[in-house]
Amino acid sequence: MTVAAIMKTKGHDTITADKSAPVSEIAEILAKNKIGAVVLCDGDRHIEGIVSERDVVRLVGLQGASALSQPVSSIMTKDVMTCTEMDAANEVMGRMNRGRFRHMPVVDEGKLIGVISIGDVVKHKIAQVEHEAEQMRSYITTT
């Protein structure tokens, strides 16, 4: 199973923002779209960073509500780990687990084309296992 299979089901829609946006705007985007992370891109969809709900909560927890006026670039992860549609889902899941993050941008020729979450990978794996189990049950009942 590859990232492409997950993206085929999930789609390529992504929510992005500019790294100069205030943290309050990012918090609003996260809440409004019910997502866990926002990829920060330039006008050509080149990734400049990523920020998660956890990043926002940690900032507010340490500095209080006044921190929401800071630019998101002050808390974004700059060295973003990415994958391509050709990557194996198991490999991507392992990288997410080792890095202790839940969202990974999908790129093609250095440009953002989607985002997958650990939940997307797990959901796809469960569907695959259920399909295989159904095939086995069908095979057993026909022999």
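**Entry 1: Glu109**

I began with Glu109, which counts as exposed at 76% relative accessibility. My cut-offs, with a 1.4 Å probe and protein chains only: buried is under 20% relative accessible area, exposed is over 50%, and partly exposed is in between. I found Glu109 in the loop between strand 4 and strand 5 (111-117). For these elements I take DSSP runs, numbered from the N terminus: helices are H or I with at least four residues, strands are E with at least two. The phi of Glu109 is near 55 degrees, a positive value in a residue other than glycine. Most residues other than glycine have a negative phi, so I made a note of it.

A reminder to myself: this is a predicted model, where local features need pLDDT of at least 70 and side-chain atom pairs count only at pLDDT 80 or more, while totals for chains, interfaces and linings use all residues. Residues are numbered from 1 along each chain as its sequence is written, and side-chain values use heavy atoms, with hydrogens and water left out.

**Entry 2: Arg100**

Next I looked up Arg100, which is not a glycine but has a positive phi of about 60 degrees. Arg100 sits in the loop between helix 4 and strand 4 and is exposed, at 72% relative accessibility.

**Entry 3: Salt bridges**

How many salt bridges does a search of the whole structure find? I got 4, counting a side-chain nitrogen of Lys or Arg within 4 Å of a carboxyl oxygen of Asp or Glu.

Lys10 and Asp120 meet through their side chains at 2.6 Å, N to O. This pair links distant parts of the chain, with Lys10 in helix 1 (residues 3-10) and Asp120 in helix 5, 110 residues apart. Lys10 is partly exposed at 39% relative accessibility.

Glu53 and Arg102 form another salt bridge, at 3.9 Å from N to O. Glu53 belongs to helix 3 (residues 53-63) and Arg102 to the loop between helix 4 (89-99) and strand 4 (103-108), so this bridge ties together parts that are 49 residues apart in sequence. Glu53 is partly exposed at 36%, and Arg102 is partly exposed at 32%.

Arg137 and Glu134 pair with their closest N and O atoms 3.2 Å apart. Both are in helix 5, 3 residues apart, about one turn of the helix. Arg137 is partly exposed at 48%, and Glu134 is partly exposed at 45%.

**Entry 4: Back to Asp120**

Is Asp120 buried or exposed? At 18% relative accessibility, Asp120 counts as buried. Its side chain also reaches the backbone nitrogen of Ser117 at 2.9 Å. Leaving aside neighbours within four places in sequence, I find Asp120 in contact (heavy atoms within 4.5 Å) with Ile6, Lys10 and Val115.

**Entry 5: Helix 2**

Which residues of helix 2 (residues 23-33) are buried? I listed Val23, Ile26, Ile29 and Leu30. Seen down the axis, the buried residues of helix 2 fall within an arc of 115 degrees, so they line one face of the helix; the arc is that of the directions from the helix axis to the C-beta atoms. Their cover includes strand 1 (16-17), strand 2 (37-41), strand 3 (47-52) and helix 3. On the other side of helix 2, I noted Glu28, Ala31 and Lys32 as exposed. Just after helix 2, Lys34 takes a positive phi of about 55 degrees.

**Entry 6: Helix 5, other places**

Met136 is in helix 5 (residues 118-142) and is exposed, with a relative accessible area of 53%. Together with Tyr139 and Ile140, Met136 makes a nonpolar surface patch of about 370 Å². Patch rule: residues with over 30% relative accessible area and no salt bridge, like charges joined within 9 Å and nonpolar side chains (Val, Leu, Ile, Met, Phe, Trp, Tyr) within 5 Å. The areas come from the Shrake-Rupley method with a 1.4 Å probe, and for residues only the protein chains shown count as cover.

Last, I checked Gln128, also found in helix 5 and partly exposed at 30% relative accessibility. From Gln128 to Ala37 I get 26 Å, C-alpha to C-alpha, for residues 91 apart in sequence.

Note on methods. A polar contact is a pair of N or O atoms within 3.5 Å; within protein, one must be able to donate a hydrogen and the other to accept it, and residues adjacent in sequence count only if both atoms are side-chain atoms.
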